[in-house]
Amino acid sequence: MAKENDEIVVNLKDPAIAGVLAWLLPGAGHWYQHRRAKAVIFFVCIFGTFMYGMFLGEGRVVYAQWDGPEFRRYPFLCQAAVGLPSLPAVLLAWSGGESFFGTKWYVPPAIIGGKSPELDELHLRLNRRFELGTVFTMIAGLLNVLAIYDAVCGPAYSVARRSRKEGDASETGDGDEAGEGEHPQQHLADA
Amino acid sequence: MSAAELWYALPLIVSVSLVYAATRYEPMEFIISHAIRTAVWLGGFMLIVTLVLWGLSAWLT
């Protein structure tokens, strides 16, 4: 059990490689850094949230589409941060493919004459599950941004703890953790 | 919206709390304790917003 003034060395190895791996698959960057517990947390939480969103939306909520002002799929900007699990959408949008291993997952709804009856049908059939699935997958992407940052730079409070040890109160963060003196000193180590 | 649909928030609260806490600390015991506090804070905030909206809705109708 870590106690006050314990020193925890976080070996980030090569942060660039860790960052790319963390983007490709949630938790992979931390696994590469041998931070296995956090890797499992990130994988289960982020990948699980993403897949639950896909399940809610029957695989139709993650797609890349940028056709005119009415059919720009802005949520995909967040969903793409999950990495590999969202990349089939880019490939399908690029290639114009109409199926993903025999399913309609990731396939953008067809646009016919400036309208998309398929998208209308999806909204009608899935109802609020379409929006819920979109939100779940977007949040998974945004959470992976935090995980990527953690893989590249280490835990958020490392610098703050070091600064506090050095007596520089102005760099101790946003004050959220003020008074929590039981937390350990966390230091980042180069590879 | 039925009250049962509020359960959709549960996995989100758990995920967000754990990931947020994990990006702040390295030791597992601090991650868990921070995640629990964040989950309680999030749940409480959502409950307050729900009650305010519910009260507003009841007052307007």
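Predicted model: local features only at pLDDT ≥ 70, side-chain atom pairs only at ≥ 80, totals over all residues.

**Chat notes**

Trainee: How much of chain A is buried?
Mentor: Of the 191 residues in chain A, 33% are buried. Buried means 20 or more other C-beta atoms within 10 Å of the residue's own, exposed means 12 or fewer, and partly exposed is in between, with C-beta atoms placed from the backbone.

Trainee: OK. How many helices and strands in chain A?
Mentor: Chain A has eight helices and four strands. Those are DSSP runs numbered from the N terminus: helices are H or I with at least four residues, strands E with at least two. Along the sequence the pattern goes β-α-α-α-β-β-α-α-α-α-α-β.

Trainee: And which residues touch the most others in the largest nonpolar core?
Mentor: That core has 46 residues, and Ala22(A), Phe42(A), Ile46(A), Leu143(A), Ala147(A) and Val19(B) touch the most other members. A nonpolar core here is a set of buried Ala, Val, Leu, Ile, Met, Phe, Trp, Tyr and Cys residues joined through C-beta atoms within 7 Å.

Trainee: Which element gives the largest share of this core?
Mentor: H7(A), with nine residues.

Trainee: Switching to the interface: how many residues of chain A are in contact with chain B?
Mentor: 26 residues of chain A, against 17 residues of chain B. In contact means the two C-beta atoms, placed from the backbone, lie within 7 Å. On the chain A side, strand E1 (7-11), H3 and H7 each supply at least two residues, and H3(A) has the largest share with nine.

Trainee: How does that side divide by class?
Mentor: Into 20 nonpolar, four polar and two charged. Ala, Val, Leu, Ile, Met, Phe, Trp, Tyr, Cys and Pro count as nonpolar, Asp, Glu, Lys and Arg as charged, and the others, Gly among them, as polar.

Trainee: At what angle do H7(A) and H1(B) pack?
Mentor: About 15°, with their axes 9 Å apart. The axes are lines fitted to C-alpha atoms, for helices over the stretch in contact, and angles run from 0 to 180 degrees between N-to-C directions. H7(A) and H1(B) are therefore roughly parallel, a label for angles under 35 degrees.

Trainee: Which residues meet there?
Mentor: From H7(A), they include Leu143(A), Ala147(A) and Asp150(A); from H1(B), Ser15(B), Val16(B) and Val19(B) are among them.

Trainee: Is Leu143(A) buried or exposed?
Mentor: Leu143(A) counts as buried because there are 27 C-beta neighbours inside 10 Å. Beyond four places in sequence, Leu143(A) is in contact with Cys45(A), Ile46(A), Thr49(A), Ser15(B), Val16(B) and Val19(B).

Trainee: What does Val19(B) touch?
Mentor: Not counting residues up to four places away, Val19(B) touches Phe42(A), Cys45(A), Ile46(A), Leu143(A), Leu146(A) and Ala147(A).

Trainee: Last one: where is Leu126(A)?
Mentor: In helix H6 (residues 117-126) of chain A. Leu126(A) is partly exposed, because 17 other C-beta atoms lie within 10 Å. Leaving aside neighbours within four places in sequence, Leu126(A) is in contact with Gly57(A) and Glu58(A).

Terms used: Residues numbered from 1 in each chain as written. Chains lettered and ligands numbered in written order. Parallel < 35°, antiparallel > 145°, perpendicular 65-115°, else oblique.
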